[in-house]
Amino acid sequence: MLLTDKNVIITGASRGIGRAAALECARQGANVVIGYSGSPSSRSTVDELIKEIETLGQRAVAVGAPAGDPETGELLVEAAVSNFGGVDVFVNNAGICPFHSFLDMPRELYLETVNTNLNGAFFAVQAAANQMKRQGRGGAIIAVSSISALVGGGMQTHYTPTKAGLLSLMQSCAIALGPYGIRCNALLPGTIETDINKDDLADQGKRDYMASRTPLGRLGRPEDLAGPIVFLASEMAQYVTGASLLVDGGMYVNLQ
Ligand code: NAP
């Protein structure tokens, strides 16, 4: 039990990587605030997740609010404080990646992607960090960035800068928040099968190609990220801050 009695907020926890992380945090003894978009279509999966976490003997509440809204971070923190008494870990995971070519990128799509993935993250991290500072017992902040922080993507010119931005945000926040004992780290997933890339990976040729680029020989699963997130959240990583952890089955180093 690496997170006994810790209170964890995870954005984008209704599905995919965030959901797997929420369940693993609960298995490790944490209570969880589940952030999601507020879309009615996600409510039933959120309710199921709350039940699963309660079955594990932990508590969970959900906050449905757009990640790009500057007030959403405050709502998440308020939920953690009023329901559980505080915040120990904040995982900024919510994100979108609507593939699109560069030359004809709609302005609205660019702005929505940057707002959801990066601008909202800034304010949410700020809200969580201020709460952790008030509590005076340190904390851990983890941003789910991407391998795309390090490499480009022709159909992701609106997305990759947000992921590089998140990595940079964690590096700067590690310096700004170190004096308060708040550790800030970035997690860089490779290709993980979730709804975000369902359409792209529906092409069997693309799936096989991506798996062949991966030394471990398969695409990632959401559960592959849960352990690394728990590690960075836990005291096992007590001297780890400003770091980034690639969780990509070795894809990044497989150039030649
Ligand atoms: P996913 O299965 O599509 O889940 C996305 C999550 O983000 C959902 O919980 C969704 O909530 C939430 N979300 C989306 N838009 C939101 C908004 N406007 N406001 C609030 N919440 C919103 O995707 P995933 O693959 O798990 O992605 C999680 C994170 O990992 C993202 O930041 C992504 O960039 C990053 N990542 C993923 C991969 C990959 O290969 N899958 C690789 C690198 C990085 P709703 O259910 O309410 O829509």
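These notebook entries record what I looked up in a predicted model.

**Conventions.** I worked with a predicted model, in which local features need pLDDT of at least 70 and side-chain atom pairs count only at pLDDT 80 or more, while totals for chains, interfaces and linings use all residues. Residues are numbered from 1 along each chain as its sequence is written, and side-chain values use heavy atoms, with hydrogens and water left out.

**Entry 1: the sheet.** I took helices (H or I, at least four residues) and strands (E, at least two) as DSSP runs, numbered from the N terminus. I found an open sheet of 7 strands in the order S3-S2-S1-S4-S5-S6-S7, with parallel pairing; two strands pair if DSSP finds at least two bridges between them. S3 and strand S7 (244-247) are the edge strands, each pairing on one side only. I noted that strand S2 (residues 31-36) and S3 run parallel and are joined by 5 bridges. Val33 has Val61 in S3 as its bridge partner.

**Entry 2: helices on the sheet.** Axes are lines fitted to C-alpha atoms, for helices over the stretch in contact, and angles run from 0 to 180 degrees between N-to-C directions. Contact means heavy atoms within 4.5 Å. I saw that helix H1 (residues 16-27) lies across strand S1 (7-10), S2 and S6, and runs at about 175 degrees to S1. H5 packs on the sheet and touches strand S4 (89-92), S5, S6 and S7; its direction makes about 160 degrees with that of S6.

**Entry 3: the largest core.** A nonpolar core is a set of buried Ala, Val, Leu, Ile, Met, Phe, Trp, Tyr and Cys residues joined through side-chain atoms within 4.5 Å. Buried means under 20% relative accessible area, exposed over 50%, and partly exposed in between (1.4 Å probe, protein chains only). The largest core has 33 residues, of which Ile9, Val33, Phe90, Ile141, Met170 and Cys184 touch the most other members. Another core, of 32 residues, lies apart from it and includes Ala13 and Ala233.

**Entry 4: Thr160.** I located Thr160 in helix H5. Is Thr160 buried or exposed? Thr160 counts as buried because its relative accessibility is 12%. Leaving aside residues up to four places away in sequence, Thr160 touches Ser148, Val151, Gly152 and Gly153.
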